[in-house]
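Please open the structure in a viewer and keep the selection tool at hand.

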Amino acid sequence: MGDERYVQVRERAEAYAAWYEKERVTAHITENCREEAKQILAQADRLMAHTFSFEDRWDMEPCREPFTLKEMIWDRSPNGDPEWIFMLNRHEYMNKLLIAGWLTGDTSYAEKLKWFLLHWIQANPILSEGTVTTRTIDTGIRCMSWQFLLIHLIGEGLMGQQEAERILDSMRSQFSYMRNGYIGKYTLSNWGLLQTAAICHGFLWFGEYLPGDGLMEWAWNELENQLALQVLPDGSHWEQSMMYHMEVLMSCMKLLAYWNGDVPKDRTWLLEKTADMSRYAMYAAGPDHCQIAQCDSDITDVRDVLTKAAVLTGDGRFRFAGFESMDLDSAWLLGRNGICRYGRQKPRRP
C-alpha cells in the first residue's frame, strides 16, 4: 500500500515537472531577471553557510541584517526578536536553494535543502501544544512552502521515497495539529486562511498521505466561508492592512495555480475572490506601483502580484499593471506555461 501511494505521488510530480519545464524557466530567469537571479544566488550561498536574512518583497517580519547560526537551532533568536524565529520557521526562503541549483547545475544546493527539511523535522516533534517554532500561522506557511519544494524535488528525481515519506509524515502531523488547534476567530482572520489554504493545497498534491478523517472537506468548506466573510464586495480585506490582504491573496493564487487556468466549477468562488482582491490591489497602488503603508504594512511594489493575477485570471488589466516581463517569483510559481501566457497576453488599460 505504501509503495502504491508513493507511485501515485511520484507520477503526479513527474507530470508536473514535465509540464513546468524548469530548463525553460531557468533560461527566462537568466535572460530577463538578472538582478533577481544574482540576489537569489547570493542568498542561497549564505544559506549554505547557515546565514539567514529575511529581505524578500513580501516578508511579513523583515530583517535585512544577516545572522549566522553556528548550531542549527530553530527556536533561538540571535537578535532577541521572537519574530526572527517565526520567519526562520516559515521556510519561505528555502526555494532559493532549489533555484540556485537550476541556475548553476550544482546539486549540492538541493542536498542542503533536504538537509534543512529533515533537520527541522527531527528537531521539532509536533506536539498538541504549540511552540515558538510551530505557531499555527507559521505552520500553515511552512506547509505551503514544503509542498512546492516536495513536488519539484520528487518530480526532478532529487529526492527518494524514504526522505519524501518522512516529510509527508511530518506534514500529516502538522495538518492534524492545525485542525485540532483551530479556534473560532480564525474564520475571520488571515491566520486561519493561511492554514486552510495550505491544507487544501496539500490534499491536491499529496492526498494519499494525508488524514482521511474529513479534514479535506472541512478545509475547503472553511476556506470558502473565510473568503466570503473576510473579503468585502469591493475586493478589500476587512482587516484593512495591505500586507494581510496580500498574504491572503497570494495564498489563494498558490492554490489556484494548481489548475493551470482550468478551474473546476465547484471552485469558481476561489477564482472570483482572487480576481476581486487583485483588482483592489491594483487600485490601492500609486503611480510608483507601490501599495500604501496602511496599518501593519510596508510600502511595497505590487507588480509581481498583478503579474500572477494576469495569468491566473486572464484579465488584461492586470497585465497592464504588472511587470513588462514576468518576474522571477511569478515564473517560479507559474512555470514555462505561465511565462508564455503572460508574454502573449494583451494589456488592457483599467
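**A tour of selected side chains**

Select Asp-138 and Arg-135 to begin: in this predicted model, their side chains meet in a salt bridge with an N to O distance of 2.8 Å. Asp-138 is buried, at a relative accessible area of 0%, whereas Arg-135 is partly exposed, at 21%. By the rule applied here, the count of salt bridges comes to 18.

Next, select helix α1, residues 2–20, where Arg-10 and Glu-14 lie four residues apart, about one turn of the helix. Their side chains form a salt bridge (3.7 Å, N to O). Arg-10 is partly exposed at 31% relative accessibility, and Glu-14 is partly exposed at 38%.

Now select Glu-21 and Arg-336, whose side chains meet in a salt bridge at 3.2 Å, N to O. This pair links distant parts of the chain, 315 residues apart: Glu-21 is in the loop between α1 and α2, and Arg-336 is in helix α15 (residues 328–344).

Proceed to helix α2, residues 22–32, and colour its buried residues: Val-25, Thr-26, His-28 and Ile-29. Viewed down the axis of α2, these buried residues fall within an arc of 160°, so they line one face of the helix. The face turned away from that buried side carries the exposed residues Glu-23 and Glu-31.

Finally, select Thr-51 in strand β1, residues 51–54. Thr-51 is buried, with a relative accessible area of 12%. Its side chain makes a polar contact of 2.6 Å with the side chain of Thr-68.

Definitions and conventions:
Residues numbered from 1 in each chain as written. Predicted model: local features only at pLDDT ≥ 70, side-chain atom pairs only at ≥ 80, totals over all residues. Heavy atoms only, no water. Buried < 20%, exposed > 50% of the residue type's maximum accessible area, 1.4 Å probe, protein only. Helix = DSSP H or I, 4+ residues; strand = E, 2+ residues; numbered from the N terminus. Arc of directions from axis to C-beta. Polar contact = N/O pair within 3.5 Å; in protein donor to acceptor, adjacent residues only side chain to side chain. Salt bridge = Lys/Arg side-chain N within 4 Å of Asp/Glu carboxyl O.
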